[in-house]
Amino acid sequence: HAQKEWWRSAVIYQVYVRSFADGDGDGTGDLAGVRSKLPYLAELGVDALWFSPWYLSPMKDGGYDVADYRAIDPSFGTLAEAEKLIAEARELGIRTIVDIVPNHVSDRHPWFRAALAGGPERELFHVRPGRGAHGERPPNDWTSQFGGPAWTQLPDGDWYLHLFAPEQPDLNWAHPAVRQEHEDILRFWFERGVAGVRIDSAALPAKDPALPDFVEGRDPHPYVDRDELHDIYRSWRTIADEYDGVFVGEVWLPDSERFARYLRPDELHTAFNFAFMTCPWDADRLRTSIDETLAEHAPVGAPATWVLCNHDVTRTVTRYGRTDTGFDFTTKAFGTPTDLALGTRRARAAALLSLALPGAFYIYQGEELGLPEADIPRDRIEDPMHFRSGGTDPGRDGCRVPLPWSSREPYAGFGSREEPWLPLPEDWASYAVDRQAQNPGSMLGLYRMAITIRPVFGDEPLTWLTAPSGVLAFSRAKGAVCVVNLADTPTDLPPHTQLLLASGPLTPDGRLPQDTAVWLRA
Ligand code: TEU
């Protein structure tokens, strides 16, 4: 049983293929690059890889604009290579999770092209006449998640809905062909040996068919968290169950009861814990977030997940290094001051905290190297979020920079013969894998060691231990204890054996300094 439900306590590594490793030297990461780094991932000790979309795509949103789910983008490789990769990873004990984007497709998807040509495929999207005497205004007042109106006019004067970029037309989930197609896509990838599926923007696909204007506070919302979704995910679950597959939903919802509805036993197995990711570096707030997370998951029997960052948010060491520790998707301005040494120290402590908690842990590529958010020169930014915000938002490219593998090769060993698709910062050789791999004190050394030791915490629930204000201390299985000090003075430790220290040393009298964490065993 425990073997079967591997996902309840897994460590899952997110691969953003474009920026992971460049196998063919053309400036873009690819499947050959991932295959060449499988030994690295095995040594890190991860249980599964989640691949951000690797399908055929014009890459207007880094692949979250899918033109064909049954083909790999040629810049990444081929379907045969993806199958090899899935099999090779599995031989190393690593499972594969693919990313499905039900809310929308690319405007180059055959359905949307046929819709543009006036075919009945129009019904697969939300196409409406505009308002105003000549239909010159959008059908309603919805705005895109990337900024600006959520509607774009077609050549014939009608408008189509896109909650993200105009190149990402929203699908009409009231249409049976949309449901059928996605069920077929799930089978297609489960048949190819994937162990799980991440569901992109999982709370957004269903829309109020009347497409009414947005009214603050009105329930149900016209497009967020609508009841129709649960029926869709229930039928997806029956398919996953046939293959022993697992779902992880990207469910951004502030209300924990609404969130937990997606985790009922016949719906999604897991969902990302963004409340934890967005929690400031504050002991009381973190403890509350942890307690609420565990309390909302327990009744539905779903494991919690712990996430520190992903391809959409500011890198952890940069976030924690800000003096205003509040969460902010992006800096909203270039060059917000950051104390990277402080941020790195806290990120190390946060890793030990997260890995000691009951549930699954997600690592976003480069997190294990302690990469900070990169400043991208404005003329190199590709993220539509930057453009749709009118340039006020730097967008998400700063966390999507190619990984540094070697301090001795061009482009930090990313593998490119010429400048990669996003520039690597000058000093990133110091973060390179070859520099960290031999150093147990490095961020990579810490992640490797922590993942190795983590099983000491077992499957038992957490018990909070008495601790001074600003200190988090809890125990789990067999006397395994985690202490995190967020107070501004050192804190006493129980007289246990030290297993792992996030940042050392302890004070001469054996106390745990500020902004570090330790794992102990009684
Ligand atoms: O993100 C969904 C989502 O909620 C975003 O709007 C998020 O709020 C935004 O990225 C701000 O950081 C998913 C993917 O993770 C993201 O990369 C895609 O751009 C988006 O869906 C559209 O597919």
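**Figure 1. Domain division of the predicted model.** In this predicted model, the protein is divided into four parts: domain 1 (6–101 + 255–451), domain 2 (110–161), domain 3 (175–205 + 218–254) and domain 4 (458–521). The centres of domain 1 and domain 4, taken over C-alpha atoms, are separated by 27 Å.

**Figure 2. Contact between domain 1 and domain 4.** Domain 1 contributes 19 residues to the contact, and domain 4 contributes 16 residues. On the side of domain 1 that touches domain 4, at least two residues come from each of helix H9 (283–297), helix H11 (340–356) and helix H14 (443–453). H11 provides the largest share of that side, with 8 residues. The class composition of this side of domain 1 is 13 nonpolar, 1 polar and 5 charged residues.

**Figure 3. Surroundings of the ligand.** The ligand is surrounded by 13 residues, of which Tyr64, Gln145, Phe164, Ser201 and Asp312 are the closest. Divided by class, this shell comprises 5 nonpolar, 3 polar and 5 charged residues. Domain 1 (6–101 + 255–451) and domain 3 (175–205 + 218–254) each supply at least three residues of the shell.

**Figure 4. The largest nonpolar core.** In soluble globular proteins, nonpolar side chains tend to be buried together. The largest nonpolar core of this model holds 151 residues, and the members touching the most others are Ile12, Leu49, Ile97, Leu352, Leu353, Cys482 and Val483. H11 gives the most to this core, namely 8 residues.

**Figure 5. Contacts of Leu352.** Apart from neighbours within four places in sequence, the contacts of Leu352 are Ala450, Cys482, Leu500, Ala502, Ala517 and Trp519. Both Leu352 and its contact Cys482 are listed among the core residues that touch the most other members.

Key
Residues are numbered from 1 along each chain as its sequence is written. This is a predicted model: local features need pLDDT of at least 70, side-chain atom pairs count only at pLDDT 80 or more; totals for chains, interfaces and linings use all residues. Domain bounds come from an automatic or database domain assignment. Two residues are in contact if their C-beta atoms, placed from the backbone, lie within 7 Å. Helices (H or I, at least four residues) and strands (E, at least two) are DSSP runs, numbered from the N terminus. Ala, Val, Leu, Ile, Met, Phe, Trp, Tyr, Cys and Pro count as nonpolar, Asp, Glu, Lys and Arg as charged, and the others, Gly among them, as polar. A residue is near a molecule or strand if its C-beta atom, placed from the backbone, lies within 6 Å of it. A nonpolar core is a set of buried Ala, Val, Leu, Ile, Met, Phe, Trp, Tyr and Cys residues joined through C-beta atoms within 7 Å. A residue is buried if 20 or more other C-beta atoms lie within 10 Å of its own, exposed if 12 or fewer, and partly exposed in between; C-beta atoms are placed from the backbone.
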